[in-house]
2 protein chains.
Amino acid sequence: MASTASLALSQALLPRPSLPATAPNNNHPPSIHLSSFSRIKLSPLSSSSSAHHYRRRLPPPAFRTSVRASAAVETLGATAETALVEKSVNTIRFLAIDAVEKANSGHPGLPMGCAPMGHILYDEVMKYNPKNPYWFNRDRFVLSAGHGCMLQYALLHLAGYDSVREEDLKNFRQWGSRTPGHPENFETPGVEVTTGPLGQGIANAVGLALAEKHLAARFNKPDCEIVDHYTYVILGDGCQMEGIANEACSLAGHWGLGKLIALYDDNHISIDGDTEIAFTESVDTRFEGLGWHVIWVKSGNTGYDDIRAAIKEAKAVKDKPTLIKITTTIGYGSPNKANSYSVHGSALGAKEVDATRKNLGWPYEPFHVPEDVSKHWSRHIPDGAAFEAEWNSKFAEYEKKYKEEAAELKSIIEGALPAGWEKALPTYTPESPADATRNLSQQCLNALAKVLPGLLGGSADLASSNMTLLKMFGDFQKNTPEERNVRFGVREHGMGAICNGIALHSPGLIPYCATFFVFTDYMRAAMRISALSEAGVIYVMTHDSIGLGEDGPTHQPIEHLASFRAMPNILMLRPADGNETAGAYKVAVLNSKRPSILALSRQKLPQLPGTSIDGVAKGGYVISDNSTGNKPDVILIGTGSELEIAAKAGDELRKEGKTVRVVSFVSWELFDDQSDDYKESVLPAAVTARVSIEAGSTFGWEKIVGSKGKAIGIDRFGASAPAGKIYKEFGITVEAVIAAAKELSS
Amino acid sequence: MASTASLALSQALLPRPSLPATAPNNNHPPSIHLSSFSRIKLSPLSSSSSAHHYRRRLPPPAFRTSVRASAAVETLGATAETALVEKSVNTIRFLAIDAVEKANSGHPGLPMGCAPMGHILYDEVMKYNPKNPYWFNRDRFVLSAGHGCMLQYALLHLAGYDSVREEDLKNFRQWGSRTPGHPENFETPGVEVTTGPLGQGIANAVGLALAEKHLAARFNKPDCEIVDHYTYVILGDGCQMEGIANEACSLAGHWGLGKLIALYDDNHISIDGDTEIAFTESVDTRFEGLGWHVIWVKSGNTGYDDIRAAIKEAKAVKDKPTLIKITTTIGYGSPNKANSYSVHGSALGAKEVDATRKNLGWPYEPFHVPEDVSKHWSRHIPDGAAFEAEWNSKFAEYEKKYKEEAAELKSIIEGALPAGWEKALPTYTPESPADATRNLSQQCLNALAKVLPGLLGGSADLASSNMTLLKMFGDFQKNTPEERNVRFGVREHGMGAICNGIALHSPGLIPYCATFFVFTDYMRAAMRISALSEAGVIYVMTHDSIGLGEDGPTHQPIEHLASFRAMPNILMLRPADGNETAGAYKVAVLNSKRPSILALSRQKLPQLPGTSIDGVAKGGYVISDNSTGNKPDVILIGTGSELEIAAKAGDELRKEGKTVRVVSFVSWELFDDQSDDYKESVLPAAVTARVSIEAGSTFGWEKIVGSKGKAIGIDRFGASAPAGKIYKEFGITVEAVIAAAKELSS
């Protein structure tokens, strides 16, 4: 390979930005106001609705910097003396060993092997502010091999993050601790994303790097690089085997994400033993094929200078992401368990811990950080504060010169939604032309793109079917990264995880992504991480039923609505027409910590009387009713494309003298959030004659229609035929609703 | 690249096995009896249970060969005259064009571009018997780019398959037709697997090639290669972008599947336009990294000899799979739409169809097959019959010499289960030691491996956690392909799809695969294809709840049980102890056309009184009851690890004088299959005091407990802590069940 030349640089020292010794600190933060935006107005923080207007909370005050703005000068700093580095590295190893031992659960092998690269990243390379983990311009770090989280906890602890104190290390993997079994951004400030399920992290990192490249292209000026950070990731053999990693890394190469630097812990061991049993491909060659710069550090256990040189080389390659393959020994230091699967996922055991202490010459008590190590790391608190202060000062200058851009960037950094943004959403009347909700969705996206500076996204090679192109923007590409239409290719899983990275990069970024609803099966693991990690991704899922017709059962979702209704912290929305589609987008944008899935039709649907944006926010609501006293003869309940059927059946039944309520049940989760009184006003307990209709599995509908009601749906796979024919053959018809309603209400 | 040397061979003609002109045919099939097996007894087809003893139906008689055994001699046959080839290729193109046009739906672009490679495969290269699509030793073909299915339908039609007659072509994508919108093995004999969702097909093909390599290694003898076929696949850019393809192809390279030949339709167009917008990696380099032999045919539209030479070269490389990158023009022949996305997924339109007819000089009516083309292809019926007859004759000789092996192979070919196989399953008493169901599962797997010759499988790098190793066998590897432990690496999605390929290779192959239950999210698309395509894969899914403890919410399934209960044609089984685990395996093995998912515990569980193998077969059954007259005060319902909790709560409540029924609800689908009488005997309508407990989402449980019952479960994400602590904090406890039961039955 042509690209493993870095070893010759092994004596090079990596320059690290450090502060002049005289950098003054004090407690006056630089003033950052929510100053007026010229293009987009921010609403003030007031009134009961203000929380909704702020897409994401500001970082808690405790984390806000208290360092005066000052220019941090990048100088060539000397690396710490090697013995101290070694001692720091062993501190990391033993913090991991001790925490896993105390919990009697966890993965000591990776931290022991990756401690050198971890030390170099957090102590020498990365720019961050331990006292404000949310500082915007920080370098991002992702531990894609999330099982090795004690590596990251040890590093956060040494660096001075308040989220990982000694007691947190001692509570590793315990109830209520901030040091859970895998890194969780929602538990531990300093952790950027939630990893553990393999391959997700590297794909998240691609999203973080995409966000940086995009924002830098939009906001940087020749005289001011206001957005400028790296994204580092450590991934292991497991991540490399996962398809999602290949998808995301193919895109990273395509996009030329030069500030993405992936350190691949090449330790040749996975849970089942030597990787020889299942993983003999040439990762280097594959990554060259993917358009990455590839470096091999053969001496990852002790070759500090080699690692430093590789990172330096990676930074110098600006048009490609870099994979640094770092060959390490899993469980390095353990005399009897190193280089074996036994050290991967279990505590070493008291005896082996002792042996490892002896082997590495570590005389200290568990969890002890030697004073010189502690002192060495202590500079990161003032340094970090100064980094942030320097940036704040830079931003203040930027704001003076580029007022509009500064306001827009600030809204992305802080997650504040511009006042009145929701007024941009289109509304419809029953006279508006019938249309597919996928087309109505495109109208919403294009309307929102004008008022939401952080909205960007795209489709997995189905933009023209999912209708997701933002017409006012071009394609985000290697040489046009300021644009907002992202072309993901046929890579659903990577797409979802990249969007998680984008969402978690900055509170004001609102990524959306799209494919056919059935192909959520390809990206479900990433969607679950959206839900778990509170990444407010908007999933635009079209072709949401047998209504797609001829493509047949491989393309027709059946169980998908139910499967997401069962998933915690995700909103499953199935709008029926234009107003409901707009309402779904309103909900999706406001729910910054709860991802939303919009199930949208391929086929045309009428604009129904009674639907509304406000109705959607309640999840279920009455669109028509000719009864009085909250006692209709029958309640007909529909979602999405079948609300039309319910409405038509209602009209017919009313002609025959029945009192009929028609309810749109666009989101079960939102309905669950309503008061009991409201629920009773829509679905009165006394009315048991209830018929639901939805072109999907009936699974779960008993909850809504009750034991005495009837759920009309599809509990088999679909079929290849024109849509109307399938609806008829499957009994998803007005006639079926009428028949059921008569049976129940007679 | 070093491996694109084939172009120099462009003048070479590919020898195709053809029959001597005198090969006699007649109507006496070779006798293949269900002769006695020395190691494994086959039960006779009789009694009501016999259908269950045959894992898969024999191919319908209509397809059984009626050709006398005769030795087909491989000779160097001349390829058809070029003009005729061209005409045949255009026939394929226009059958596709016309069918898509008539349906006004479909994808003409791929068939038009891939017609040359399709022609060469089906007319010159592949060995098959059109009148018996299930002939065991046929070459397998997979159209991974399934949207181009009209290519395959046209080829099957020309080759003489009864499943695709002219009227079927005319019914393309219509209700009830055998030519659905994507290839479906369960609709169209001659289609091996179900494709359409991209990347699945190439992974299925890896499974088919694995099966061939495995069976060949087990059964071939120096004097008799009784198993000997190739697996061909056509895949497109979309497949190449999907992560699953990379996973499966990495394994194919690792395993050295030399008889897997993938033709990559390199047409540079996907739905969103030129692949330049999202797919600029070097596929060639990536595949070299994956350990494949790579050939590039630059002239895929017209370079027949180049394609032939490439396939010849691919066959000559025996230790690596081959990727033949064939550069084509999508929609070749269409003067205005070729090489554009507009020809990918829509009918050409009458005007462009006319223009294409003119452009390619095609004077015929729609759906017309010119007589000389028809005549040319007509030889495949006698040739195919002779191929099968020759193989049957070979098998008869094999059977004489290698009686045991022949019997075992025959059972794999026919899918017959040996008589009494289920007696191998272990049984347990309440005195048997408590154990995790994952360990009990391993006892079952190892017991079954002794009696089921077609059982093989493995885990996605979690064999030692999923407990899936077959102790009597070694690892299936490149040089030990006769072994049965498959090491999939951390590639869940590829694993599932590979198992689909194995299952659909031969009725008697029973693949199982394993990972943590939560990671079904990674492989859900493949699992859905198992269900849809009736591939009886056994999914061994351990660590099935918060009971896994410290790994935390990324690893703890919550909504997964519900999500699979909502999926059609898949069995979701959650056994509670040893007997139920054995019962789950019995169900899984018998259900050859319905895949099974076994959710298994990480934690130890007691062997409960009242559980049984037979009970599991009914899905839900009473394990204890102190009531009379089918009127208990309360019914407690549990699944899996929570059945113990229900049983304990029952004991407590009985001490307090209640009459309590405890029901194990191991599989909702199997319970649904029971008679109304049986259901009433377990869950009498009159008893509304019902409490269910399951460490998962309560979604859907209203169906079982009714509006007046209570479902105890977990409707949030999990947590990282010791398992017992999480159970307590989440209220999954005996106390909670007792409290609910008292409230409902007071």
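Chain A has 27 helices and 21 strands. The model is predicted. Of the 746 residues in chain A, 69% are buried. Over all chains, the structure holds 70 salt bridges.

**Fold and core**

- Contacts in chain A with a separation of 6 or more are 79% between residues 24 or more positions apart.
- In soluble globular proteins, nonpolar side chains tend to be buried together.
- The largest nonpolar core here has 98 residues.
- Four of its residues touch the most other members: Leu636(A), Ile732(A), Leu636(B) and Ile732(B).
- Beyond four places in sequence, Leu636(B) touches residues including Ala646(B), Ala649(B), Gly650(B) and Leu653(B).
- The valines Val660(B), Val662(B), Val663(B), Val691(B) and Val737(B) are also among the residues that Leu636(B) touches.

**Where the chains meet**

- The size of an interface is often given as the accessible area lost when the parts come together.
- Chain A and chain B bury about 7,900 Å² between them, and 59% of that is on carbon and sulfur atoms.
- Trp175(A), Arg528(A) and Phe699(A) supply 11% of the area that chain A buries against chain B, more than any other three residues.
- Eight salt bridges cross the interface of chain A and chain B.
- One salt bridge between the chains joins Asp272(B) to Arg487(A), with the closest N and O atoms 3.5 Å apart.
- Between chain A and chain B, 49 residue pairs are in polar contact.

**Salt bridges within a chain**

- Side chains of opposite charge can pair when their charged atoms come close.
- Asp162(A) and Lys131(A) form a salt bridge, at 2.6 Å from N to O.
- Asp162(A) sits in the loop between helix 4 (149-159) and helix 5 (166-170) of chain A, and Lys131(A) in the loop between helix 3 (109-125) and strand 1 (140-143), so the pair ties together parts 31 residues apart in sequence.
- Asp162(A) is partly exposed, at 31% relative accessible area, and Lys131(A) is partly exposed at 26%.
- Arg594(A) and Asp673(A) form a salt bridge, at 3.1 Å from N to O.
- This pair links distant parts of the chain, 79 residues apart. Arg594(A) is in the loop between helix 20 (578-590) and strand 15 (596-599) of chain A, and Asp673(A) is in the loop between helix 23 (668-672) and helix 24 (676-682).
- Arg594(A) is buried, at 18% relative accessible area, whereas Asp673(A) is partly exposed at 46%.
- In chain B, Lys221(B) and Glu405(B) form a salt bridge, at 2.9 Å from N to O.
- Lys221(B) lies in the loop between helix 6 (200-219) and strand 2 (231-236) of chain B, and Glu405(B) lies in helix 14 (residues 403-414), 184 residues apart.
- Lys221(B) is buried, with a relative accessible area of 18%. Glu405(B) is partly exposed, at 24%.
- Glu124(A), Asp305(A) and Arg308(A) are linked in a network of salt bridges.

**A buried serine**

- Ser545(A) lies in the loop between strand 13 (538-542) and helix 19 (560-565) of chain A.
- Ser545(A) is buried, because its relative accessibility is 1% and the cut-off is under 20%.
- The side chain of Ser545(A) makes a polar contact with the side chain of Tyr727(A), at 3.5 Å.
- Beyond four places in sequence, the contacts of Ser545(A) also include Gln556(A), Pro557(A), Arg574(A) and Gln603(A).

**Positive phi in two loops**

- Asp461(B) is not a glycine, yet its phi is positive, near 65°.
- Asp461(B) is in the loop between strand 9 (455-459) and helix 16 (463-466) of chain B, and is buried at 6% relative accessibility.
- Asn569(B), also not a glycine, has a positive phi of about 50°.
- Asn569(B) is in the loop between helix 19 (560-565) and strand 14 (571-573) of chain B, and is partly exposed at 29% relative accessible area.

Methods. Residues are numbered from 1 along each chain as its sequence is written. Chains are lettered from A and ligands numbered from 1 in the order in which they are written. This is a predicted model: local features need pLDDT of at least 70, side-chain atom pairs count only at pLDDT 80 or more; totals for chains, interfaces and linings use all residues. Side-chain values use heavy atoms; hydrogens and water are left out. A nonpolar core is a set of buried Ala, Val, Leu, Ile, Met, Phe, Trp, Tyr and Cys residues joined through side-chain atoms within 4.5 Å. Buried means under 20% relative accessible area, exposed over 50%, partly exposed in between (1.4 Å probe, protein chains only). Contact means heavy atoms within 4.5 Å. Buried area is the accessible area (1.4 Å probe) that two parts lose on being put together, summed over both. A salt bridge is a side-chain nitrogen of Lys or Arg within 4 Å of a carboxyl oxygen of Asp or Glu. A polar contact is a pair of N or O atoms within 3.5 Å; within protein, one must be able to donate a hydrogen and the other to accept it, and residues adjacent in sequence count only if both atoms are side-chain atoms. Helices (H or I, at least four residues) and strands (E, at least two) are DSSP runs, numbered from the N terminus.
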